[in-house]
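Here are some notes to read alongside the model. Please keep the structure open and find each residue as it comes up.

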Amino acid sequence: MSEFLSILEDRVIPVVARNASSVDAEARFPSQSIEALRESGLLGLISRIEVGGRAGSVKDAASIIERLARECASTAMVTAMHYAATAVLEAHGSEAIRKDVAAGRHFTTLAFSESGSRSMFWAPTSTARTEGSDVVLDAKKSWVTSAHYADSYVWSSRPVAGDGASTIWLVPRESNGLSIVGKFTGLGLRGNDSTPVVAESVRIPASNRLGEDGGGFGVMMVAVLPIFNLLNASCSIGVMEGALARTIEHANKTKFEHTGQSIAEQPTARQHLARARIKADMARTLVFDTADSLVAARPDAMLRVLECKACAADTATEVLGLLMRVAGGAAYRADVGVERYFRDAQAATVMAPTTDALHDFIGKAICGLDLF
Ligand SMILES: Cc1cc2nc3c(=O)[nH]c(=O)nc-3n(C[C@H](O)[C@H](O)[C@H](O)COP(=O)(O)OP(=O)(O)OC[C@H]3O[C@@H](n4cnc5c(N)ncnc54)[C@H](O)[C@@H]3O)c2cc1C
């Protein structure tokens with residue numbers, strides 16, 4: 001086990017496991033779990049040594065997200081968003097903000113999706129204009145994970161003046177003119193606080209720009225997409241693993257009194273479990289290979305990045321369907337613990353880039369066509 005995983009296991013997982021059911025039932029942000037991550041130093045996992053971070057690789061981040069998702073997919077997703085936004089700050093942020101993130105003093109997230117361009121995050125319709133040394137932002141962000149709790153949003157808009165589809169900014173949550181609209185009570189990932197955020201003439205210093213004006217697409221593709229897709233896929237893997245463990249436990253301990261046999265002793269149940277195990281392992285192998293391809297900067301890394309999220313998200317919905325069948329009517333009740341994973345598994349297919357969009361991109365890539 002890596003040093004990071006053993007810190008997670010000892011200092012964070014007990015807190016995450018204790019809170020997982022109530023985070024889901026109450027659609028409550030997993031504050032205790034994020035505090036435990038902060039205290040353990042793991043919020044600074046991917047920040048570099050020179051700013052006080054732990055210099056973990058994308059592979060380390062993937063293993064942390066998978067382990068968290070085995071207990072609580074909401075905690076895994078808000079942590080994944082923090083790591084994805086951190087990757088942008090590491091590439092383009094000031095030393096001061098990077099030090100704050102590395103020390104766990106600053107928690108962040110991505111605010112890309114908009115009610116205008118919906119899941120096509122690469123084409124924001126929101127605006128940015130210059131006023132003196134400031135920039136003024138107007139936007140309707142449709143989904144911002146950790147909206148009420150993040151200290152900042154890594155934010156996309158149309159460029160101020162440059163060519164290109166977008167520009168990326170660091171927007172403090174407490175900026176005047178920002179409003180967080182309502183409370184998230186979704187089907188799954190109920191603790192992830194993914195809430196709309198509206199910006200009305202929000203003024204930030206022009207120096208909060210992350211990358212070039214008009215260079216947002218490059219930032220999204222280079223700094224965000226690889227880590228976001230890998231971590232989103234790792235979350236799906238953790239969801240499958242957590243659900244498999246709980247289903248197998250239920251299948252072993254639940255008896256038919258008149259035969260004295262358990263659910264696991266029914267051949268059909270074992271067939272479903274075997275298929276679920278094979279599918280989860282296939283997705284897991286692809287996700288591991290994606291992490292390896294990124295660490296080694298292999299030529300097929302971008303294809304793997306596109307594939308891993310589509311594969312893990314679709315596989316998780318299939319596997320959870322099988323596991324719900326194995327656990328029977330009992331699975332519909334929260335006490336067996338499988339239905340939470342079933343609900344949590346659904347979001348990844350529609351989180352952008354959605355599975356449908358990824359299939360389109362992969363098809364274009366393998367046919368030698370331009371992706372955009
Ligand atoms: C739990 C959760 C958390 C989220 N957190 C964040 C966050 O922190 N930050 C953030 O920026 N966004 C976040 N999102 C938003 C997410 O990334 C998507 O933008 C959003 O789910 C898209 O929903 P929509 O209704 O706008 O989809 P639409 O864009 O309306 O899409 C509808 C359908 O059309 C399909 N479709 C769309 N484009 C294509 C295409 N090019 N090819 C083929 N099919 C296509 C989609 O697959 C989908 O099935 C979150 C979403 C969820 C569910």
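**Notes on a predicted model**

1. Start with Ser 293. Apart from neighbours within four places in sequence, Ser 293 is in contact with Arg 298, Asp 300, Ala 301 and Arg 304. The model is a predicted one. Ser 293 belongs to helix H7, which covers residues 267-295. Its relative accessible area is 0%, so Ser 293 counts as buried, the cut-off being under 20%.

2. With neighbours within four places in sequence left aside, its contacts are Ala 251, Asn 252, Thr 254, Lys 255 and Phe 256.

3. Helix H1 runs over residues 3-25 and has 23 residues. From first C-alpha to last, H1 reaches 32 Å, close to the 33 Å expected at 1.5 Å a residue. H1 has a kink of about 55 degrees at Val 12, shortly before the proline Pro 14. Just after H1, Ala 27 has a positive phi of about 50 degrees.

4. Which residues of H1 are buried? They are Phe 4, Leu 5, Ile 7, Leu 8, Val 12, Ile 13, Val 15, Val 16, Asn 19, Ala 20, Val 23 and Asp 24. The cover over these buried residues includes helices H2 (31-40), H3 (58-71), H4 (73-92) and H9 (339-345).

5. Helix H3 has 14 residues, which should span 20 Å at 1.5 Å a residue; the end C-alpha atoms of H3 are 21 Å apart, in agreement with this. Of those 14 residues, 10 are buried, so H3 is largely enclosed by the rest of the structure. The buried residues are Asp 60, Ala 61, Ala 62, Ile 64, Ile 65, Glu 66, Arg 67, Leu 68, Ala 69 and Glu 71. What covers them includes H1, H2, H4, helix H6 (216-253), H7 and H9.

6. How do H3 and H4 pack, and at what angle? Their axes are 6 Å apart and the angle is about 155 degrees. That angle makes H3 roughly antiparallel to H4, because angles over 145 degrees count as roughly antiparallel. On the H3 side the contact is made by Ala 61, Ile 64, Ile 65, Leu 68, Ala 69 and Glu 71. On the H4 side it is made by Ala 73, Thr 75, Ala 76, Thr 79, Ala 80 and Tyr 83. Sorted by class, the contact of H3 with H4 has 9 nonpolar, 2 polar and 1 charged residues.

Definitions and conventions: Residues numbered from 1 in each chain as written. Predicted model: local features only at pLDDT ≥ 70, side-chain atom pairs only at ≥ 80, totals over all residues. Heavy atoms only, no water. Helix = DSSP H or I, 4+ residues; strand = E, 2+ residues; numbered from the N terminus. Expected span 1.5 Å × (residues − 1). Bend = angle between axes of the 7 residues up to and from the residue. Buried < 20%, exposed > 50% of the residue type's maximum accessible area, 1.4 Å probe, protein only. Contact = heavy atoms within 4.5 Å. Axes fitted to C-alpha atoms, helices over the stretch in contact; angles between N-to-C directions. Parallel < 35°, antiparallel > 145°, perpendicular 65-115°, else oblique. Nonpolar A, V, L, I, M, F, W, Y, C, P; charged D, E, K, R; others polar.
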